[in-house]
Amino acid sequence: GFDPAQISDYYSRTATENIFDALYRYDYLARPAKVVPGVAQGMPVIADDFKTFIVKVKPGIYFADDPAFGGKKRELTAQDFVYTFKRIFDPKTKSPIYSDVEELKLRGMDTLRRDAEKPGASFNYDTDVEGLRALDRYTIQFKLQESQPRFVYRLTEASVLGAVAREVVEKYGDKIMEHPVGTGPF
């Protein structure tokens, strides 16, 4: 399948890197190789001793056409990245990469997950979390519990953290693995 939050095999990850876009990517032709903006407008603004990262998403990037969007063009926004990260924390998704993303220590995400694990509870995607916020249409703020100077390198993982649209996930539900809709070239 091709849902970044649910896949764990090498071949699916290789394919999804061409379907979904991450905030950053590597410029492998640079010597030494370096991180450069993917769908981000520039490098992150880093504050609070590497505990706060603010990233702007480039305007004018669109998801591939899909019936989930009702025939309208759907622009990529900061909220899409917030939703993408939250899906990994949702126990219902059963994400095999949860432990990797949990290590990022996004403030408040562990509490949101624990609340969703309670009997009869469900994950609330609309809950505001201190560590993961869309400040406006194109600005994402990540707040970490611990200083992480290498955090930006984690934001290059398109096969894991490439943006997905909530409308697509909600439309296809359990069949999302069969309906990859991203902003990448394929």
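Trainee: How many aromatic pairs does a search of the whole structure find?
Mentor: Ten aromatic pairs turn up. Keep in mind that this is a predicted model.

Trainee: What about Tyr26 and Tyr153, why is that pair called stacked?
Mentor: The ring planes are at 10° and the centres lie 6.5 Å apart, so the pair counts as stacked. The cut-off for stacking is planes under 30 degrees apart.

Trainee: Where do Tyr26 and Tyr153 sit in the chain?
Mentor: Tyr26 belongs to strand 1 (residues 24-27) and Tyr153 to helix 5 (residues 151-154).

Trainee: OK, next pair. What is the geometry of Phe53 and Phe151?
Mentor: That aromatic pair is tilted, with 50° between the planes and 4.8 Å centre to centre. Phe53 is in strand 4 (residues 52-56), while Phe151 is in helix 5.

Trainee: Is Phe53 buried or exposed?
Mentor: Phe53 is buried, at 0% relative accessibility. Phe151 has a relative accessible area of 0% and is buried as well.

Trainee: Which residues are in the cluster that ring pairs link together?
Mentor: Phe53, Phe85, Phe142 and Phe151 are joined into a cluster by ring pairs.

Trainee: Switching to charges. Which residue lies over the face of Tyr98?
Mentor: Arg113 does, at 3.7 Å from the ring centre. There is also Lys73, which lies over the face of Tyr62 at 4.2 Å from the ring centre.

Trainee: Tell me about Arg113. Where is its place, and what does it touch?
Mentor: Arg113 is part of helix 4 (residues 109-116). Not counting residues up to four places away in sequence, Arg113 touches Ile88, Phe89, Asp90, Pro91, Tyr98 and Phe123.

Trainee: Does Arg113 count as buried or exposed?
Mentor: Buried: its relative accessibility is 14%, and the cut-off for buried is under 20%.

Trainee: Now for a hairpin. Which strands form one?
Mentor: Strand 5 and strand 6 do, with two residues between them. Strand 5 covers residues 132-136 and strand 6 covers residues 139-143. The two run antiparallel and are joined by four bridges.

Trainee: What stands opposite Asp136?
Mentor: Thr139 in strand 6.

Trainee: I also had Thr77 and Ala134 marked. How are their C-alpha atoms placed?
Mentor: Those C-alpha atoms are separated by 8.6 Å, although the residues are 57 apart along the chain. Thr77 is found in the loop between strand 4 and helix 2 (78-89). At 8% relative accessibility, Thr77 counts as buried.

Trainee: And Ala40, where does it lie?
Mentor: Ala40 is in the loop between strand 2 (34-37) and strand 3 (45-47). Ala40 counts as buried, with 0% relative accessibility. Leaving aside neighbours within four places in sequence, Ala40 is in contact with Leu23, Tyr24, Val55, Lys56, Val57 and Lys58.

Trainee: How far is the C-alpha atom of Ala40 from that of Ala15?
Mentor: They are separated by 21 Å, and the two residues are 25 apart along the chain.

Trainee: Let's zoom out. How many helices and strands are in the chain?
Mentor: Seven helices and six strands. From the N terminus on, the order is α-β-β-β-β-α-α-α-β-β-α-α-α.

Trainee: Why is the chain said to be as compact as a globular protein of that length?
Mentor: The radius of gyration is 16 Å, close to the 16 Å that the globule rule gives for 186 residues, so the chain is as compact as a globular protein of that length. Its C-alpha atoms fill a box of roughly 45 × 35 × 35 Å along the principal axes.

Trainee: What share of the residues is buried?
Mentor: Buried residues make up 47% of the 186. The chain exposes about 9,700 Å², and carbon and sulfur atoms supply 49% of that.

Trainee: Last one: what share of the contacts comes from residues 24 or more positions apart?
Mentor: They account for 64% of the contacts with a separation of 6 or more.

How values were computed:
Residues are numbered from 1 along each chain as its sequence is written. This is a predicted model: local features need pLDDT of at least 70, side-chain atom pairs count only at pLDDT 80 or more; totals for chains, interfaces and linings use all residues. Side-chain values use heavy atoms; hydrogens and water are left out. Two strands pair if DSSP finds at least two bridges between them. Rings of Phe, Tyr and Trp (its six-membered ring) pair if their centres lie within 6.5 Å; planes under 30 degrees apart count as stacked, over 60 as edge-to-face and the rest as tilted. Buried means under 20% relative accessible area, exposed over 50%, partly exposed in between (1.4 Å probe, protein chains only). A charge sits over a ring if NZ of Lys or CZ of Arg is within 6 Å of the ring centre and within 35 degrees of the ring normal. The radius of gyration is taken over C-alpha atoms; the globule rule is 2.2 Å times the number of residues to the power 0.38. Contact means heavy atoms within 4.5 Å. Accessible areas come from the Shrake-Rupley method with a 1.4 Å probe; for residues, only the protein chains shown count as cover.
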